[in-house]
Amino acid sequence: IGLGIPAEPLFRSSYIGIVKGNRIDKLKLALKMGVISDQMYVDFLSNDQGKEGYAQMFQELLALPEGQAFLFHCTQGKDRTGLAAALILSALGVDEETILSDFMLTNSFNADRIAQERQMLQDEGIQGEEQDAMMIGFDMVNRQYMQNALNWMKETYGSVTGYITSELGVTDEQLEILYVVLKLRTKFHTIARSEERRVGKECR
């Protein structure tokens, strides 16, 4: 599922093909306008189109046939997608620290690109806090952005699952079904992989 949750108009065109200077100018404007801020993820969760996108995600996940994979993504695959992963993991009872650690793996997987982007900004004379803030518009994520989103859901709805049931139209019964089904599938695939490894060793 493509998470059709719009970023601000400033970012609706793809960055691909935009010349370096123009992209940096857009990021500077985004920071000035507050489009990029540590409340950005809260904005994704609280606007109507964001709720619609995440509600659709859960309905498609609940309707997923046995044996099929579920792919969800956005433009860069880290911000709106990161929130999607956090919502799903929360629905499955995963603890907050694990969710945050999983989210921060983005920076590990994107390490090479992040280094190149930092060097590009450095070459343009952009350093320090301004550089760190602008990196959110590239391929880096910031733990505090996700922490703020999780805190907002807990403070406003009592918990992340409270947000899911209150704003995304997912019932407690559906959450229970999702938990049981995905846990069983995970257990089955874990057993299957263990059996494959055992058979493989015996055949050597």
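This is a predicted model: local features need pLDDT of at least 70, side-chain atom pairs count only at pLDDT 80 or more; totals for chains, interfaces and linings use all residues.
View A. Six aromatic pairs are counted in the model, with ring centres required to lie within 6.5 Å. In the pair formed by Tyr 41 and Phe 44, the ring centres are 6.2 Å apart and the planes meet at 20°, so the pair is stacked.

**View B. The ring pair of Tyr 157 and Tyr 163**. Here the ring centres of Tyr 157 and Tyr 163 lie 5.4 Å apart with their planes at 75°, so this pair is edge-to-face. Tyr 157 counts as partly exposed at 22% relative accessibility, whereas Tyr 163 is buried, with a relative accessible area of 0%.

**View C. An aromatic cluster that includes Tyr 41 and Phe 44**. Tyr 41 and Phe 44 form one aromatic cluster together with Phe 103 and Tyr 145.

**View D. Helix H3 and the cap at its N-terminal end**. Helix H3 (residues 48-62) has 15 residues, which at 1.5 Å a residue should span 21 Å, and this agrees with its end C-alpha atoms, which are 21 Å apart. The N-terminal end of H3 is capped by Asn 47, a side-chain oxygen of which lies 3.1 Å from the backbone nitrogen of Gln 49. Within H3, the buried residues include Gly 50, Tyr 54, Met 57, Phe 58 and Leu 61, and Lys 51 is also buried.

Note on methods
Residues are numbered from 1 along each chain as its sequence is written. Side-chain values use heavy atoms; hydrogens and water are left out. Rings of Phe, Tyr and Trp (its six-membered ring) pair if their centres lie within 6.5 Å; planes under 30 degrees apart count as stacked, over 60 as edge-to-face and the rest as tilted. Buried means under 20% relative accessible area, exposed over 50%, partly exposed in between (1.4 Å probe, protein chains only). Helices (H or I, at least four residues) and strands (E, at least two) are DSSP runs, numbered from the N terminus. The expected span of a helix is 1.5 Å times one less than its number of residues. A polar contact is a pair of N or O atoms within 3.5 Å; within protein, one must be able to donate a hydrogen and the other to accept it, and residues adjacent in sequence count only if both atoms are side-chain atoms.
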